[in-house]
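Open the model in a viewer and keep the selection tool at hand. The stops below say what to select next and what is there.

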Amino acid sequence: MSIINTWSTSTIERQNATFKLKQLYELQAIFLFDQYEPVLANPAEAAMSFINRLDRWLSCFSDPIDQWAVFRTFQYFFFVGKDETDELYRCAVNHKLLPWLVEQEKLDIFSPDLSSQLNDVVSQTWPCPVTDSLRINSLLHRTNLKGQSLRPDWLSLKELGDKDRIAKYISNRKNSRGEITPIKYLVLFEDFVGSGSQCGRAAKFALEGFDGPILLAPLVVCHPGDKYLRDLASKSNGRLTYDPVVVLSAECLVSEQPTIGEPSSFPSLRLAMKNGHTKGNFSDPAFGYEGVGSLASSYSNCPNNSPPIFHGVTSTWPYPLFPRKGRA
Amino acid sequence: MSIKPWGSIDWLLPRTKVEAWHLITSSSFEERCVGILLCSQQVELKLTSATLLRLTNPPSDFWTDAQPAINKNVEAMHALLDQTPFNEVEGKLLAMPSSLVRPSSLNPDDCESVILDITTIPKRFFLFAMQQLMRSEKVKNLVITYTKAKEYPEAALCENALPPTALQGFARMSATGESPRLIVGVGYMPLSVEELVEQAKNVKLDFIFPFPPASPAFRRNWDLLAMLMPTDPPRNTDIHRVHGMDAFEICERIKAWGESRDVDLLPLGPKPHALGMAMAAMRLDGHAEVLYSQPQSYRPNYSTGIAADASGRPQILAYCLKLNGRDLF
Amino acid sequence: MVALRFDNPFHDLWVTEILDSNAFVQMFSPLLVTDAEELFSSGHVVVRGRQGSGKSMLLNLLQTSTRVAYAKSKTEFPAPPKQRAFISAGVQLTKESASLVASRADELPEDQRMKLVAANFADYLNSLLSSDLIRNILFLAVEQEKNSGILSEVNINLSAKTQQRFIDLLYQAEAWNGFIPKELQSLKDIGTALEGRIRSYKSYFNFQTDEFPRELVASRSPAGEPMAELAEALRESGVMPANTLVLLRIDQHEELFELERHTNLGTVFRQVINSALAKRDPRVAYRIGTRHYAWDRDITAWGSGAPLEAMRDYSIIDLDQILKRGEHTKGWKFPLFAADVVSKRLDAAGLRFQGNSMETMFGKSLEPADRARRYVGDTKCALQFEETWAPAWKAYIEKLWNDGEPLEAKFGEVWLRQQTQVKQKVADDETRAHSTPWRKSKWWVKERNEVALMQLAGSRQQALIWSGERQIIDLAGHNILAFMTICKSVWATWQRRNPADAEKRSALPNFSVEDQVIGISEASQIWFKKIQVGLEANQRTRLISGLGQWFRRRMLGDRAISNPGHSGFSLLENELSSDHFLVPIIKACRDHGDLMESQHTTKEKNQAQRLKWYLHPLLCPLFRIPHIRTKEPIYTSLYELQDIYNNQRRPGPIADETLKAESEGQLGLPGF
């Protein structure tokens with residue numbers, strides 16, 4: 001722990017700031033960062049304490065000023081752990097899906113029959129993921145939401161799906177008594193939305209492939225994606241309702257240009273990112289895919305919208321903080 | 001599958017089918033204290049009467065600085081109340097809640113339908129008031145409302161918290177003998193609870209973390225946790241993430257935990273969480289205790305502005321606790 | 001890696017404080033008891049000590065569950081053999097919500113308010129203590145049935161005949177008339193009835209009912225009477241042996257101060273308790289646990305107006321006094337206590353060792369000259385010389401530095417600045433530039449070691465070095481919790497820096513100086529953090545931060561080191577009786593252990609009484625000031641301190657905005 005230790009014994013201000021941040025990160029490591037799956041998959045890496053891995057990552061930056069800048073701004077990094085994800089699932093269902101269904105069916109929330117009415121509606125609802133990174137089975141299990149027999153991700157459906165066959169599945173759906181009760185509602189969940197382009201493609205396809213009302217309820221959305229999807233929904237003639245669970249605030253994003261009200265340490269972070277990007281020679285752009293610049297990760301994987309200094313590995317950048325599992 | 005009766009005020013209130021309400025609210029230096037009255041102008045919220053709670057804090061620099069804002073807000077509230085008859089209840093911040101917030105003063109005309117707006121009423125008072133209104137047979141319909149703030153400054157929000165004591169009306173009635181489990185609702189300020197937490201970690205210590213929303217709340221809540229977390233948390237310390245506005249979920253979870261063991265509840269977090277804790281305590285047969293350390297002074301810019309939804313309207317949440325005489329939790 | 005954390009033998013600092021009786025037996029050090037034997041005697045005792053002083057540990061020793069744990073583990077119970085015939089009951093004032101009883105005071109008529117609240121509180125206390133005593137008797141009976149022979153000094157007899165005799169006696173007692181329903185048949189029934197009484201109180205004060213239960217009004221007694229009569233009945237009937245002492249514990253007495261302050265009922269609660277003590281009833285003895293020094297004030301017994309006389313009515317076990325270092329180091333208890341605690345911890349962790357475990361782990365403290373060398377490293381002489389000084393002096397001093405004696409060089413520079421030398425123009429005289437003249441008086445150097453080192457370290461923005469057994473003990477400030485915090489932090493640092501060695505766990509670790517410097521720095525931060533989340537956090541934090549920075553500024557700026565003792569301050573004693581807003585804050589800091597207070601024999605001619613204060617030693621690493629006290633502290637006034645207090649910014653969380661104040665030489669609030 002050489003770099004962080006040096007700060008612990010330098011000036012008083014540095015010492016105190018280091019202690020507070022280190023204490024914070026160590027606590028978050030126990031309850032959040034240690035869940036990071038790509039690290040857990042590698043026993044040698046998993047055996048290192050998070051704070052030691054953080055220290056090692058800092059050593060990738062050449063300039064001590066950059067090292068301090070990223071150490072200090074790491075407190076703005078938003079990490080979605082397992083418990084966060086579970087709660088996001090619950091909120092997506094209880095705060096977004098069910099009220100939406102109540103609205104659609106004009107149910108009385110104070111009626112003693114509400115529960116059975118809702119169950120009926122839910123049985124005609126089709127919960128699906130937008131991409132395969134949303135673990136739809138986990139969502140269904142954790143929330144006790146009954147799904148349909150098939151739970152295709154609509155991004156894949158867009159490429160491989162056949163609209164006729166989809167329509168047939170929708171109309172032929174049978175209830176528990178064997179009666180034909182077509183699917184009335186489609187709800188799309190997604191774990192993380194960056195720029196919104198991927199999600200948007202799937203949603204557009206859904207609007208074509210499904211006749212009824214659609215609810216798009218992503219769990220975590222970055223600002224650019226939020227704007228994009230809100231726009232998409234407003235142009236759908238009321239067919240698409242967009243209702244995200246969490247929209248990340250500006251302090252979880254580092255944009256290329258400074259924005260008003262951003263944390264005062266962000267300019268030094270920006271510089272550190274640029275320097276790091278140069279040193280690491282990453283193929284991804286400095287501010288992440290589509291320049292989103294999200295300071296966020298989930299326990300399952302770090303999105304490529306986050307700057308590559310956090311997740312990239314190259315010959316000149318051997319130690320990522322949250323190494324990423326990519327797609328080919 | 002079911003949903004609990006809470007949500008945005010314009011979603012919930014019409015569904016209650018109650019025509020008119022008596023409103024209990026308070027004036028404050030916080031801008032959002034006028035939120036509910038602003039709302040009453042815009043939405044289907046008809047008021048028959050109102051009670052305005054006006055609390056005075058102990059003397060401090062902060063309190064002096066807050067006076068202009070308080071006066072401005074009181075004026076605005078009077079203006080918004082317009083023709084609606086209202087009474088004012090004045091008292092001190094450190095007074096015993098029972099001396100101020102009994103149904104006789106809060107609901108002097110024994111109205112059947114009551115909205116208790118907890119936005120700027122201190123926790124000690126609104127939790128006691130909620131309990132009294134729930135127990136009152138005269139009140140058949142009870143809705144709690146809460147207006148969200150736009151933002152909170154990055155600074156200490158309050159100071160000089162008194163040592164933690166049991167909230168009036170929420171003390172433990174009977175103990176099972178086993179040491180209680182301490183459940184701390186995380187917020188932004190530590191409020192003198194260090195020893196309580198240090199001692200509790202020998203038993204079982206749980207934290208309730210208001211999530212969602214995400215940052216800046218997320219970051220600041222972790223800051224507080226880092227401050228509060230004892231230097232060696234016991235192996236079974238859990239951090240439960242629960243949506244910051246979901247009072248009913250808090251109530252359900254705590255009721256479940258409280259079935260097998262006495263619980264001590266420490267609501268340092270958002271008011272809806274405090275509400276949920278109090279609701280659960282009321283259903284745990286006297287085995288639960290709600291503790292709180294009352295701050296003696298608050299920063300005048302404790303919060304700024306009123307949070308607005310996508311269409312620019314104030315974000316006000318409403319929780320229906322009683323309808324047509326039936327308790328809903 | 002999470003698993004390592006639990007391999008720290010100092011993990012779980014509080015295990016001896018309250019709950020696990022078996023762990024208590026393993027970890028409790030009987031050394032604490034040898035100077036506290038009045039704890040088991042028949043008079044009243046007030047046990048006074050800060051958080052982490054061992055006060056709760058000591059009171060826990062009286063608990064029946066603890067005694068049973070000792071008996072079962074066949075460990076010698078630390079009380080003298082002839083004083084083990086006692087049984088104890090107790091109440092913790094916060095847990096039992098003493099505040100409850102005050103809660104409906106405003107509903108009482110104003111002229112009767114104090115009297116009625118006092119009566120309610122006395123009765124509530126009587127019920128709680130009587131109920132707990134019976135609970136303890138029943139518990140012990142059950143345990144004795146399961147394991148015959150344990151606590152044979154307090155053999156409980158619950159035969160039908162004995163219980164009947166007991167009940168008959170009890171019903172005859174005045175205070176018990178109406179206190180419990182008639183015609184109860186057993187101790188257990190009485191216990192249940194008492195619990196019902198307590199519940200009635202709670203029900204009313206918790207607003208479950210609006211009517212004050214009338215049966216309570218009729219059957220109230222002054223504080224202490226029911227317990228005394230209960231004790232007598234238990235002895236006379238033979239339920240417990242005739243010589244059994246009954247000890248009644250009331251802990252967290254300081255809570256009553258807070259309660260009184262906010263309910264505006266004067267000192268009503270404390271007086272209720274004092275009245276119980278003032279009865280000097282030989283049938284029961286009280287054990288009062290408190291954090292406050294203020295026990296001596298306001299001890300007017302309720303109703304009688306007679307003050308409790310010290311030593312006649314109660315004796316005091318002051319843990320801070322017991323563990324504090326006296327005039328002479330010999331006979332200082334704390335190091336022995338600390339060493340014993342360490343042994344027990346290491347033992348429990350399964351680590352074998354020979355000899356002095358502390359010395360093995362922490363080594364010997366570094367000599368000042370060695371510390372100086374570490375501070376300066378390889379740097380060239382960075383001392384500042386006056387232009388007028390003779391070149392020979394500069395050359396001599398530089399040579400000392402370059403020859404590996406930077407501390408000597410520093411002393412040289414400082415010595416030349418001293419008044420005497422300036423008057424004699426020594427620095428101009430190159431013939432005197434040799435053979436360390438500052439060492440002529442052995443005291444001169446000794447008094448200035450720490451500040452000289454501090455200035456050397458300060459010029460390179462370095463943390464100060466503390467290491468070695470002796471310094472670790474010193475930094476603990478005779479507080480066992482502070483001591484264990486240091487051990488834990490250092491161990492954890494060593495684990496992180498030596499993961500391979502930590503895995504092996506074969507022998508005791510040898511902490512390097514770096515392990516200790518970093519570990520102590522963290523322990524200091526943790527100790528300061530406790531203030532920020534504790535009671536009266538804002539005021540304490542502001543005052544301590546202000547003082548720490550003030551001491552540092554003064555010592556760093558004292559180039560001639562004329563005042564090596566300015567790591568503390570002194571006030572006239574009569575200033576403390578004034579109304580000044582800082583007085584309660586200073587007292588709060590003292591009561592919580594942030595400041596260490598002692599008498600100050602003034603050097604001034606007027607001989608006015610003074611008191612002096614220093615920061616708790618474990619706060620010194622944070623502020624980078626020496627913990628050693630020498631010579632005179634800063635003579636100051638409340639007026640001057642007020643300035644220092646007011647100039648402190650209000651503390652806040654670690655957000656970006658507050659980190660802006662980070663620049664060289666700018667001393668911002670620590671941590672914020």
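Select Leu188(A), Leu116(B), Ala278(B) and Val290(B): these residues have the most contacts inside the largest nonpolar core, which has 363 residues. A nonpolar core here is a set of buried Ala, Val, Leu, Ile, Met, Phe, Trp, Tyr and Cys residues joined through C-beta atoms within 7 Å. A residue is buried if 20 or more other C-beta atoms lie within 10 Å of its own, exposed if 12 or fewer, and partly exposed in between, with C-beta atoms placed from the backbone. Helix 7 (residues 113-146) of chain C gives this core its largest share, 12 residues. Helices (H or I, at least four residues) and strands (E, at least two) are DSSP runs, numbered from the N terminus.

The model is predicted: local features need pLDDT of at least 70, side-chain atom pairs count only at pLDDT 80 or more, and totals for chains, interfaces and linings use all residues. Residues are numbered from 1 along each chain as its sequence is written, while chains are lettered from A and ligands numbered from 1 in the order in which they are written.

Stay on Ala278(B). Leaving aside neighbours within four places in sequence, Ala278(B) is in contact with Leu127(B), Met130(B), Gln131(B), Phe170(B) and Val290(B). Two residues are in contact if their C-beta atoms, placed from the backbone, lie within 7 Å. Next select Phe29(B), Phe62(B), Ile70(B) and Tyr298(B), which are among the 6 residues of a second, separate core.

Now show chain B as a whole. Chain B has 10 helices and 18 strands. Its radius of gyration, taken over C-alpha atoms, is 19 Å, close to the 20 Å that the globule rule gives for 329 residues, so chain B is as compact as a globular protein of that length. The globule rule is 2.2 Å times the number of residues to the power 0.38. Of the 329 residues in chain B, 57% are buried.

Colour chain B by domain: domain 1 is 6-153 + 301-327 and domain 2 is 161-294. These bounds come from an automatic or database domain assignment. Over C-alpha atoms, the centres of the two domains of chain B are 24 Å apart. Where they meet, 18 residues of domain 1 of chain B are in contact with 18 residues of domain 2 of chain B. Which element gives the largest share of the domain 1 side? Select helix 6 of chain B, which gives 7 residues. The residues on this side of domain 1 divide into 14 nonpolar, 2 polar and 2 charged. Ala, Val, Leu, Ile, Met, Phe, Trp, Tyr, Cys and Pro count as nonpolar, Asp, Glu, Lys and Arg as charged, and the others, Gly among them, as polar.

Move to chain C, which has 30 helices and 9 strands. Select helix 27 (residues 582-592) of chain C, where Leu582(C), Ile585(C), Ile586(C), Cys589(C) and Asp591(C) are buried. These buried residues pack against helix 26 (537-557), strand 7 and helix 29 (638-646) of chain C. Just after helix 27 of chain C, Gly593(C) takes a positive phi of about 90°.

The last stop is an open sheet of 4 strands in chain C, with the order 7-8-6-9 and mixed pairing. Two strands pair if DSSP finds at least two bridges between them. Strand 7 (595-600) and strand 9 (634-635) of chain C are the edge strands, each pairing on one side only. Strand 6 (residues 568-572) and strand 9 of chain C pair in the parallel sense over 2 bridges.
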